[in-house]
Amino acid sequence: MIKKLKEGIYNVGAVDFERTLFDEIVPLPQGTSYNAYLVMGKDKTALIDTVEPDMAGELFKNLDELGVDRIDYVVSNHAEQDHSGSIPLVLERFPGARVVTNKKCMAFEQDLLHMPEEVFTVIDEGDEIDLGGRTLTFVMTKWVHWPETMTTILKEDRVAFTCDFFGSHVATSHVFAEQCDRTFIEAKRYYAEIMMPFRATIVKNIEKVEQFAPAIIAPSHGPAFSEPSAIINAYKEWVGPGTKNEALVLYTSMHGSTRKMVDALVNDLAQRGVGVRSRDMVTSDFGEVAIDLVDLTTLIIATPTMLAGPHPKAVYAAYLANALRPKLQLVGVIGSFGWGGKTVDILKANMGNIRTEFLDPVLVKGLPRDEDYQRLEALADRVRAKHVELGVLK
Ligand code: FEO
């Protein structure tokens, strides 16, 4: 389907309502889209990004419907194949087109897509391309989540084509986010899953895009934003230093002992005014966990000991939290064991990036006894005290 942003500016990409998994790890509860933007000047036509190669038919169908018989420039903001993968097909169809990108992105595309150097026009920060009454300029917005990513600005119309930046995995017929309720929660999920580790860089990239006072932000996944301040402010909150009065207890339990501890701790925290929820690690969508991690203050991993260590799902949770580098202020481990093991050591070893207070673990032999419940109450006391100290709990 063709989505018109304004006269001469169209999203001619592909909407994938069916896709359920990205990168073989990221669940897509709302599907996704690969946005490719056609920008028509008086003299030249540019296509900004392309689509996942198996959706190229939809891109060409949209171009045919618009009667496009010439593309002068294919601007490539990012080399990952969901945006660059159809560039070779576009060049087959429009052999005169130049691929416009930065030097690093060109190098990636030479490796990933075997594209020859002679098809590229290499640009850098601030360079301009005149389409006739419309001018493209380029801003290097690196590390959102690859090192070569850039944003293309259409100066006269003040449209920022940001690729993954400000994107969301949402399949919708709507052009703009303001018409699509799911956009902001999915944008937060998208930020959490791929951008959160690069918060410091994202702060600078937001400033770089903001300096153009965009009237429209047009990412390459999900709807565009006709009121950019909303998504910019949301990003500022996510990358900012603050956390919320929230604790997450990620748990699994083999025979119910760890589960009893989880139930008690959740109740203890709630009674102390700490916002808390538990999630079963075995059945949870880890995208939801990633969303929680964006502004979470406290993470507790609750696991039984098996094979002399934590349940493998607990290791996965620790590894994921470590890789995403959230703003956590407290981390803890609780659980039940039968005869010993290295549960805490193994989980700690998987969370080396999380340099924050590690709560005294509460590990219990078998079913928890009264004294164990008292240890959980003490743990809840410490969580409350930390939340108060941080000012997230008044
Ligand atoms: Fe949507 Fe980093 O690719």
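## A walk through the predicted chain

Let's begin with a pair of strands: β7 (residues 37–40) and β8 run antiparallel and are joined by 4 bridges. Strands here are DSSP runs of E with at least two residues, helices are runs of H or I with at least four, and both are numbered from the N terminus. Two strands are said to pair if DSSP finds at least two bridges between them. Before going further, please keep in mind that this is a predicted model, in which local features need pLDDT of at least 70 and side-chain atom pairs count only at pLDDT 80 or more, while totals for chains, interfaces and linings use all residues. Residues are numbered from 1 along each chain as its sequence is written, and side-chain values use heavy atoms, with hydrogens and water left out.

Back to the strands. β7 and β8 make a hairpin, with 4 residues between them, and Met40 stands opposite Thr45 in β8. Strand β8 also has a parallel partner, β9 (residues 73–75), to which 3 bridges connect it. In this pairing, Ala46 has Tyr73 of β9 as its bridge partner. To get from β8 to β9, the chain passes through helix α1 (residues 56–65), and this β-α-β crossover is right-handed. That term means that, with the strands pointing away from the viewer, the path from the first strand over the helix to the second runs clockwise.

What covers the picture of β8 (residues 45–48) is its burial on both faces: Thr45 and Leu47 are buried on one side, Ala46 and Ile48 on the other. Buried means under 20% relative accessible area, exposed means over 50%, and partly exposed lies in between (1.4 Å probe, protein chains only).

Now move along to helix α11 (residues 343–349), where you will find Thr343. This threonine counts as buried because its relative accessibility is 2%. Setting aside neighbours within four places in sequence, Thr343 is in contact (heavy atoms within 4.5 Å) with Thr303, Thr305, Ala308, Gly309, Pro310 and Val333.

Helix α6 (residues 199–210) holds Val203, which counts as partly exposed because its relative accessibility is 33%. Val203 and Trp238 are 35 residues apart in sequence, and their C-alpha atoms lie 9.9 Å apart in space.

Glu24 is not a glycine, yet its phi is positive, at about 60°. Glu24 sits in the loop between β4 (21–22) and β5 (26–27), and it is exposed because its relative accessible area is 68%. Arg158 likewise has a positive phi without being a glycine, here about 55°. Its place is the loop between β14 (150–154) and β15 (159–163), and Arg158 is classed as partly exposed because its relative accessibility is 40%.

Finally, step back to the whole protein chain. The chain contains 12 helices and 24 strands, and its C-alpha atoms fill a box of roughly 80 × 40 × 35 Å along the principal axes. Of its 394 residues, 58% are buried. Among contacts with a separation of 6 or more, 72% are between residues 24 or more positions apart. The accessible surface (Shrake-Rupley method, 1.4 Å probe) comes to about 16,100 Å², and 50% of that belongs to carbon and sulfur atoms.
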